Protein chains: 2
Amino acid sequence: MPRSPGQRAGLTHEAVLAAAREVFAERGLAGLSMRAVAAELGVAPNALYSHVADKTALVDALLDDQLAALAPPPPDAEPRDGLREVMLATYDLLGRHPDLVPLYLARQGARGPQARALGAAMTVLLGRLGLAEAEAGRVVRALIVSTLGYAALATADDANLRPPQLRADLEVTLDWLLRGATA
Amino acid sequence: MPRSPGQRAGLTHEAVLAAAREVFAERGLAGLSMRAVAAELGVAPNALYSHVADKTALVDALLDDQLAALAPPPPDAEPRDGLREVMLATYDLLGRHPDLVPLYLARQGARGPQARALGAAMTVLLGRLGLAEAEAGRVVRALIVSTLGYAALATADDANLRPPQLRADLEVTLDWLLRGATA
DNA sequence: TGGACGAACTGTACAGCGTCCAGTAAGTTG
DNA sequence: CAACTTACTGGACGCTGTACAGTTCGTCCA
């Protein structure tokens, strides 16, 4: 509903992020412009800059936000199963939002709180496999790199590389990595 | 040298690609606009469209072009060494052109002739390790995914993730993958 | 040899982008 | 009640990729 002019919109960082989420869901990454987000809020484009440093900061926030859909593996799970499950869930999530894959890789998305929480949960599981923290960090990175990489591959529309096929390949790859890391 | 008006520029696909290579080398991906390429050739921006479908096609060509700097592993190399060398050389190349990493991942750059040649040479080496062609393709993908993924990670300026450190991690990861694949 | 034809190129223009600047109006604090 | 801060608007700048229409050239065939 359009405010009467002279009224404040009462924006917040969260409101802007929510609008960005909406625009992204409806029109994809290509449709996610500052102007579109502003229009969604019924506000002039520049108004966003009171709540967000610039577009890349908004996109970063959106990237982490999307990870909220992923449940961290419980600490008492069988470690290998838990790790495989998160990674496959991540792969599936990215499959639903292929636009984001390059962004996660480019800025290595793992900066926000959601990403941190997932990383910490994975480190716990690797600890139960006997890995020290530094070593666990390296393995987490290896797992993530392959998962994001396969998700990126799945966005190319090559008949030989359908997402289910690649998902199976990813599963095998994760297995090799975990086996190598705990040998 | 500026042609006298009314003279043809005599552009070709290769000339456009060469200009794009030049602009990219000097001003990076952000500076690679159709206008910049056209200016480099002393030509109106739209002139490019007689030789290139659109910008993404030009960028695709540039991506494959850059791979020409990579020497395919000789077929008689020790397979594991040869594979590790190409992948590390790829990692090093991408380290010099971080801008391109997301693009390689997004369009899975491996469509052009250069990419195909590298893939074929890798498949030969994997064949000598006893892998059938389909299986070799999967392993090639796994290796590439990790290599590009680590290169992407290296573009994030995190003090804990310096390129040399990640290169070492990649080396270990490649080892795990090759070991897993040939077990 | 001339005339048609297609390709190459220019000029102009459009719609869109991120974001800066200056101004105004509202809310908050002394 | 006055001073100040914050949130927002209007307008603009410089840039993008590329579509459209028109002109000029090289080539090929009658």
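1. Start at the interface of chain A and chain B, where five residue pairs are in polar contact, both partners being at pLDDT 80 or more. Three helices of chain A, α5 (101-106), α7 (133-155) and α8 (163-181), each supply at least two residues of the side that touches chain B. The most comes from α7(A), with 11 residues. Keep in mind that this is a predicted model.

2. Next, the charged pairs. Two salt bridges are counted between chain A and chain B. R141(B) forms a salt bridge with D169(A). The closest N and O atoms of R141(B) and D169(A) are 3.4 Å apart.

3. Now the extent of the interface. On one side, 27 residues of chain A are in contact; on the other, 28 residues of chain B. About 2400 Å² is buried between the two chains. Carbon and sulfur atoms give 67% of that area. Within chain A, the residues that lose the most area to chain B are R141(A), V145(A) and W176(A). Together these three make up 26% of what the chain A side buries.

4. How are the two chains related? Two copies of a chain are related by a rotation about an axis and a shift along it.

5. One residue deserves a look: T173(B). This threonine lies in helix α8 of chain B, which covers residues 163-181. Is T173(B) buried or exposed? T173(B) is buried: its relative accessible area is 1%, and the cut-off for buried is under 20%. Which residues does T173(B) contact, leaving aside its neighbours within four places in sequence? In chain A, they are A142(A) and L177(A). In chain B, they are S146(B) and Y150(B). So T173(B) has contacts in both chains, where contact means heavy atoms within 4.5 Å.

6. Last, the annotation. An unreviewed UniProt entry carries "domain: HTH tetR-type" for residues 10-70 of chain A. In the model, that span is 57% helix and 0% strand. The end C-alpha atoms of residues 10-70 of chain A lie 30 Å apart. The domain name comes from the UniProt record, and such annotations may be inferred rather than shown by experiment.

Conventions
Residues are numbered from 1 along each chain as its sequence is written. Chains are lettered from A and ligands numbered from 1 in the order in which they are written. This is a predicted model: local features need pLDDT of at least 70, side-chain atom pairs count only at pLDDT 80 or more; totals for chains, interfaces and linings use all residues. Side-chain values use heavy atoms; hydrogens and water are left out. Helices (H or I, at least four residues) and strands (E, at least two) are DSSP runs, numbered from the N terminus. Buried means under 20% relative accessible area, exposed over 50%, partly exposed in between (1.4 Å probe, protein chains only). Buried area is the accessible area (1.4 Å probe) that two parts lose on being put together, summed over both. A salt bridge is a side-chain nitrogen of Lys or Arg within 4 Å of a carboxyl oxygen of Asp or Glu. A polar contact is a pair of N or O atoms within 3.5 Å; within protein, one must be able to donate a hydrogen and the other to accept it, and residues adjacent in sequence count only if both atoms are side-chain atoms.
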